[in-house]
Every structure is written in C-alpha cells, then in structure tokens.
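Dear colleague,

Please find below the structure that I am handing over to you. My notes on it follow directly after it.

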Amino acid sequence: MSARKLAVVILAAGHGTRMKSSRPKVMHEVAGQAMLQHVINGVKSLDPVRVVVLVGPGYDDVRALAERNGCDVVVQEERLGTGHAAKIGLSVLGDLTVESADADIMVAIGDTPLIRPETYAELYRIRSEAASPALGFLCFRPQDPAKYGRVKLDEAGQAVGIVEFADASEEERRIDLCNGGIVLCDAPKLRVLLDNLSNDNAQGEYYLTDIMADAYQRGWGTAVAVTTEEQVMGVNSRLELSRAEAIMQDRLREEAMLSGVTLIDPSSTWLSADTEWGQDIVVEPGVWIGSGVSIADGARIRTHSHLEGASVGPDAVVGPYARLRPGAELGSGVKVGNFVEVKNAQLDEGAKVNHLSYVGDASVGAKANIGAGTITCNYDGFFKYRTEIGAGAFIGSNSALVAPVSIGEGAIVGAGSTVTKSVADNDLAVVRGKLINSADGASRFRAIREDRKNAEKK
Ligand code: UD1
Ligand code: CA
C-alpha cells in the first residue's frame, strides 16, 4: 500500500426510517455485532490514520460504539443528505484536506455490513496506482437495481456521473451499474468537490454522488471498482437485515469449517462474527453461539446449547441443552450437561456439572463433581454473592448452596442439603430433616382410609 495517508468518514447519521425502529439503523445487529461495528472493522483493515463517524443528534449508543473503537465522532444536526454529512466529517480533518496534503479520504456508509476488507482494499488500490484517478466509487450490478444510484459511463468506459433513482429518467433507470455508496478521493480535491455541491434535485438533498460528475468535468479522473451485490447490499429494512444476516451466517459457517471446525448441520448453527475457534471442535445441530465466545481445540458443543460471552476449554463437552452465559469459563475437559446454566463462574480442569443445575457467581475447583439439581443461591433480591467450591469436592444432588459460602477441597455435601455455612476441606456436611420411620405405617394408613371411604359410600 502507498505511503499516502488515509482517513475514513463513516456516514451513520441517517434516520433509517424504513427500519421502523426507535434505535438508529446502524445499531441493528448482524451476526451479533452492530452493522456499524462491521463497517469499522472493515475500514480499519486499511490502517487509516483517523476514522470519523457521523452520528445523528441523541445517538448516544452510536457515539459510544464509535468511541470504543477509537473513532472521532461528529454530530450531523440536520440530515441534509450524504454530501452534507461527508462535508461535516471533513471539517474535523482540516490538516488532511489542505491543498498540499498527501492524503486520501474514504467515505463509507454505516448500513453496508457485508463489505469484506479485501474489497475496501481493492477500492483503495485505485488511488495508489501511477496516474491514478482522483476519485473512485465502489459499484456493483445488482439483480434488481431498485432504488440504488445509477452510474453513467462514457464511450471509453470512464465514469462520468451518478444519477440518483429519484432523479433518473426512464432510460437512466435501465442502467444496471449501481453505486454501492463507498467513495475514495484525493483529500484536498474532495473538499473542493463537497464545497461545490448543491441540493437542487428531486429530494432537495446534498448528494455525495454528485461529486462524480463534477470531478469528471474538471478532468480529475474518475474510476469505479466493481464488486458483488452480496457485499455491497445496503440494509434499509428488517427484510434486508434478515438477508444480510443469512449471507453473513453462511460466510461465518464456511470460515469456521475451513478452519477445522465440524458443523454437523451448518444451516441450523448460529454464529457470531467474533467467535474464536480452535481446531477439531464439533458443533451439533441447533446450537446458538452469541458474541464473545471462544472455543478451544477438541471441544464438543452438543445439540441445542446456547452460549454467550463464554470460553470453553480444550476437550470440554457442553450440552445437550446447556446455557453458558457471560463470564462462564470452562477449563480443560470440563463437562456441563443437559439443562445446566453457568454464569460468571470458573470451572477448573475436569469439573463436572452434568444435570439440571445453576452455577452462578462461583468458582469450581478441578475435578469437583456437582450433582444433579444443585443450585448456587447467589442473589438475595438486592446483592449477588459468590460460592467457592474446592478441587475434588462432591456436591450431592438437589443441594442449595446459599452464597456467600465455600465448600472446601475434597469436602462432601450430602444430597438434598441447604448449605448456609462454609464447609472445611475434607469435611462431610449433611443438612436434612430426621427420617421418621413408622414400621408398617403405610399399611395401617391405607386400612384407615379404606374404612372411611366405604362408610361414606353407604
Ligand atoms: C445511497 C446513495 C446511492 C447508493 C446507495 C447505496 C447518495 C445520495 N445515494 O443511497 O447512490 O446507491 O446509498 O447503498 O449518496 N446519511 C447521513 N446523513 C444524511 C443522510 C444519510 O449520515 O444526511 C447516512 C445514512 O445513515 C446511511 C448512509 O448515509 O448510513 C446512506 O444513506 P441512505 O439514506 O441509506 O442512502 P440511500 O438512499 O440508500
Ligand atoms: Ca442505504
């Protein structure tokens, strides 16, 4: 890549009216990540010196996301169009847009989550070639050009301008080359082009796309990079969101399988964009892997398990029907079986929680065995408390461990105990009512009841 500097402006201030949502469009998620996050990840692969995100007024969560990613945030108070938004973005990049600056600016949009890093790089390459054109647009030929802007070429195939759908004539609407919305331009020239925009068009907006014709007429050189519809499709409605999700899921499944993960039924396995995989993992059908999950070599995730914010150690087995919530950390060879929920809990090597348990705000030592139906009672309605279970401890079935409490290493808790005081290493604790056994009592009970029933019948 060239030594020129690159800054990116991401437009994310639009209302997104067609989403019919109280949330800004770019916060809607694809594969567990906000659309804007996908775009930020994509453009960051170009190593820009700055990334500026345009947000609408009051878009606090968009601002927070951008800031978390080290981006600068600029508010576009009035949404006057993509050209207006780009211009405001440039206003904080003053030093890069002075006439002598050796810099480029890419304007990306927040509602195209499917563009791959390679494709941003391909557009960027346009500016690093010798005799490079000043301006490039990322374009595509969709099956149905719908309402995308149409890109016009001259006889030599050079891009001469873009006409928005709302302004296009019947003939122009028949053009199949469409604008994907991503622009790359020499920075000082972009400033000149944006200063020159007008809003004299069907929508009364400042169109970013109008810079194409202006640049062409100035003889500054224009070019298009053509990519696939699958990458550049814009998400404007929930319907398009679901299409983007499906495309992204297919990609993630493919990547996981190519990296050594067996997905027995890829189509029923739901993945997140940030899942970290080891090798030789098997994922059974119907598994949901939410964001923030890492799974180490040799683990098996059995059918209908739901994971989120969890790490699964090597050779661990999860499920069927297990739920790992944020902060679940399973060590090597740990077993978490059916109808078990684990939250904010560390399970060391070889620990087993095989059936019907809740383990929350807890630590479980190596090789401890937690019996069926054990509950860590971590919450009193106001505060949360921790349960510590030592290595090699054995918790009998149907025990309630009332936190804060600790069970020592090698200790045993008898089945059915409600434990409210800590148990020391190697102690045996049983908390139960006394068993009262009345010899032949059941026979006497039945005889009495039968006599009464017969008396009532008469
Ligand atoms: C835009 C392009 C169109 C292209 C399409 C590709 C223009 C004028 N049109 O149309 O040629 O085919 O994208 O998907 O550029 N935004 C702001 N501030 C504004 C207006 C928009 O930040 O004042 C942001 C939106 O949040 C969005 C992006 O710009 O992320 C694109 O806006 P949108 O209204 O979706 O443009 P399209 O009509 O889809
Ligand atoms: Ca759009």
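In these notes, a residue is called buried under 20% relative accessible area, exposed over 50%, and partly exposed in between, with a 1.4 Å probe and protein chains only. The model is a predicted one, in which local features need pLDDT of at least 70 and side-chain atom pairs count only at pLDDT 80 or more, while totals for chains, interfaces and linings use all residues. Residues are numbered from 1 along each chain as its sequence is written, chains are lettered from A and ligands numbered from 1 in the order in which they are written, and side-chain values use heavy atoms, with hydrogens and water left out.

I begin with the ligand. Ligand 1 sits in the largest pocket. A pocket here is an open set of points on a 1 Å grid over the protein atoms alone, where a 1.4 Å probe fits and protein lies on both sides within 12 Å along at least five of seven lines; a molecule sits in it if more than half of its atoms lie within 2 Å of its grid points. There are 22 residues around ligand 1, and G14, Q76, T82, E164 and N179 come nearest, where a residue counts as near if one of its heavy atoms lies within 4 Å. At least two residues of this shell come from each of β1 (5–12), α3 (82–90) and β10 (178–186). Helices (H or I, at least four residues) and strands (E, at least two) are DSSP runs, numbered from the N terminus.

The side chain of Q76 places an N or O atom 2.6 Å from a nitrogen atom of ligand 1. An oxygen atom of ligand 1 lies 2.9 Å from a backbone N or O atom of A13, and an oxygen atom of the ligand is 3.4 Å from an N or O atom in the side chain of D111. On its own, ligand 1 has 760 Å² of accessible area, of which the protein covers 86% (Shrake-Rupley method, 1.4 Å probe).

Turning to the cysteines, the whole structure holds zero disulfides, a disulfide being a pair of cysteine sulfur atoms within 2.5 Å. For C139, the closest cysteine sulfur is that of C178, at 8.4 Å, which is too far for a bond. C139 is buried at 0% relative accessibility, and C71 is buried at 7%.

S272 lies in the loop between β12 (261–263) and β13 (276–277) and is buried, with a relative accessible area of 6%. Its side chain reaches the backbone nitrogen of S291 at 3.2 Å, and a polar atom of that side chain lies 3.3 Å from the backbone oxygen of G290.

Finally, the backbone. Most residues other than glycine have a negative phi, and most peptide bonds are trans. The bond from G319 to P320 is cis, with omega near 5°, and the bond from A403 to P404 is cis, with omega near 0°. P404 belongs to the loop between β31 (400–402) and β32 (405–407). A146 has a positive phi, near 40°, and is partly exposed at 32%. D315 also has a positive phi, near 60°.

With kind regards

Conventions. Polar contact = N/O pair within 3.5 Å; in protein donor to acceptor, adjacent residues only side chain to side chain. 1 Å grid on protein atoms, 1.4 Å probe; cavity = no way out; pocket = protein on both sides within 12 Å on 5 of 7 lines; lining within 4 Å.
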